[in-house]
Amino acid sequence: MADFFETVHEGRPITDIEIIDFHAHLGPYYNMHVPDADAPAMIRNMDRCGIDKAVVSATLSFDTDIVLGNDMTIQALAAFPGRMYGACAVSGNYPEISLDELARMMANPAVVMVKVHPWSTRCKMNDRRMKRIYDFAAERGLFILVHTWLDGDPYGSQDLFAAVAADYPPIKWLMGHSGGPYGSVRAVEIAQKLDNVFLDLTLSMCPAQQVEYFVREVGADRVLFGTDNPFIDPRPQIGRVALARISDEDKVKIFGGNVRRHVRFV
Amino acid sequence: MAKVPFFDCNTSVGRAGYPHLTDNQDAAGLEREMEIAGIEEALVYHVAAREGHPPLGNALLEKEIAGHTSLYPVWVLLPHNTGEMPHPDDLIGELRQKNVKAVRLYPGRAHHGFTLADWCAGGMLDVLDAARMPLLLDIEIVSWEDVFALLNKYQRLPVVVSNCSYRHNRYLYPLWERFDNLYVETCRFLGAGTIEDVVRRFGAGRLLFGSNMPQYTGTAIVARITYADISREDKEAIASGNLKRLLEEF
């Protein structure tokens, strides 16, 4: 295996291990200018650093229309088979439509996860309208990626996340952003208690030694690589894992090995 | 190919009251984080100068980084009128005497309790402008209107906006079209393709490498630069060259 420090500092893509971005998005967003927001630009930036696959949910689906957003996702999967995979966006504000979307999207074998954004939809994780969505995921043992934050989020706080994750053991819960820049300690507490919780590394404000802390306290098997691309450029997230002071074996797990054990990519 | 050298304009020492995760409060801890990421040099301020009292923190900084030859001091300033800081007539001489490389300001009632307006901070800003002393401002604390007013009045002062996230391009680009002395520190400047877009539109001279270590890791922003789709020369400018040029101009 190539030396990670040299590879990153020479700006060469990491090509000798599989890298799966399990938390990515797609498309422009209302309150920011993103130069490389479309699927071809995302693929270009993935290639630049060595990301093989990305599981995407269109940003349009959070604050606007889950159906339009899921349509965008499906188009990207069709354009980049084997590189882009889908997360079906759902919203408790539209439970019937969400169930229809789950049926439609999950029929596509390239859709491998469910995406919930409590903050953007202003629908609490434990809202009763979410129940049938969770039931659908539980019956199939799916991953659900939830945007979580420690402070100031009454819809997707880490405490709400923990309570709902405990209620649905068959679901694999990916704690999006692991509660944000101040959420690491609570994230570890939750993951130590609940075996069906996975920690997400996606952040713009990346705490020093967070990767090492997660691996030490929870184990590398439940830490998953994600980027938030294109909200956040994917390249910095490569550096966080590649240069972390953990074993190469753990880096391989985090970059893609863990996801491979749980998800079938066609 | 030789490694791109990194010179970080945004690091700190000192114990934060509300840390992100780690307790790397001393110069040795900061240097460990720099080594992990591959960062050779850094400008550093003391957290106690931001969260405690600027004169106290600046004095603590001098002691903490003494003997650490890769770390260079940044002072947090206040207007002089209360007697807590040197008079503008003496300020630049004292900064030079203490080898201070840049300064930071935290205006606003919720922070250090002053305004950047001319009637309050004008004397201090006038001499900083004349000396071309780099000034770092946290965009989570000052407004873009404040930044515009500052740039509109001071044409020589290098204004470095830190903590500028991926949500700020729509404020930044019109300012960059008008002002050459506006710089962005990179620790949160992470929108997909933004660095390439800025280099294409405005050149590589507008960006200064910064990490916010040891609160943040330096590993993320280092990789953003090394993997950027820009020339080797532009990477070196952002990673260290632009900052070195500004420090030489002071």
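The predictor's confidence in each residue is expressed as pLDDT, on a scale from 0 to 100. In this predicted model, chain B has a mean pLDDT of 97, and 100% of the residues of chain B reach 70 or more. For the complex, the predictor reports an ipTM of 0.96 together with a pTM of 0.96.

Chain A contains 12 helices and 8 strands. With a radius of gyration of 17 Å, close to the 18 Å that the globule rule gives for 266 residues, chain A is as compact as a globular protein of that length. Taken along the principal axes, the box filled by the C-alpha atoms of chain A is roughly 50 × 40 × 35 Å. Of the 266 residues in chain A, 56% count as buried. Among the contacts in chain A with a separation of 6 or more, 76% come from residues 24 or more positions apart.

Turning to chain B, the eye can follow an open sheet of 8 strands, paired in parallel and ordered β1-β2-β3-β4-β5-β6-β7-β8. At its edges lie β1 (7-13) and β8 (207-208) of chain B, each of which pairs on one side only. Within the sheet, strand β4 (residues 102-105) of chain B runs parallel to strand β5 (residues 135-138) of chain B, and the two are joined over 3 bridges. One residue to look for here is L105(B), whose bridge partner in β5(B) is L137(B). Helix α6 (residues 144-153) of chain B packs on this sheet, where it touches β5, β6 (159-162) and β7 (182-185) of chain B. The direction of helix α6 of chain B makes about 165° with that of β6(B).

The two chains meet through 41 residues of chain A, which are in contact with 37 residues of chain B. On the side of chain A that touches chain B, two or more residues each come from α1 (4-9), α2 (39-49), α10 (210-217) and α11 (235-242) of chain A. Which element gives the most to this side of chain A? That element is α11(A), with 6 residues. Sorted by class, the side of chain A that touches chain B has 22 nonpolar residues, 12 polar residues and 7 charged residues.

Notes:
Residues are numbered from 1 along each chain as its sequence is written. Chains are lettered from A and ligands numbered from 1 in the order in which they are written. This is a predicted model: local features need pLDDT of at least 70, side-chain atom pairs count only at pLDDT 80 or more; totals for chains, interfaces and linings use all residues. Two strands pair if DSSP finds at least two bridges between them. Helices (H or I, at least four residues) and strands (E, at least two) are DSSP runs, numbered from the N terminus. Two residues are in contact if their C-beta atoms, placed from the backbone, lie within 7 Å. Axes are lines fitted to C-alpha atoms, for helices over the stretch in contact, and angles run from 0 to 180 degrees between N-to-C directions. The radius of gyration is taken over C-alpha atoms; the globule rule is 2.2 Å times the number of residues to the power 0.38. A residue is buried if 20 or more other C-beta atoms lie within 10 Å of its own, exposed if 12 or fewer, and partly exposed in between; C-beta atoms are placed from the backbone. Ala, Val, Leu, Ile, Met, Phe, Trp, Tyr, Cys and Pro count as nonpolar, Asp, Glu, Lys and Arg as charged, and the others, Gly among them, as polar.
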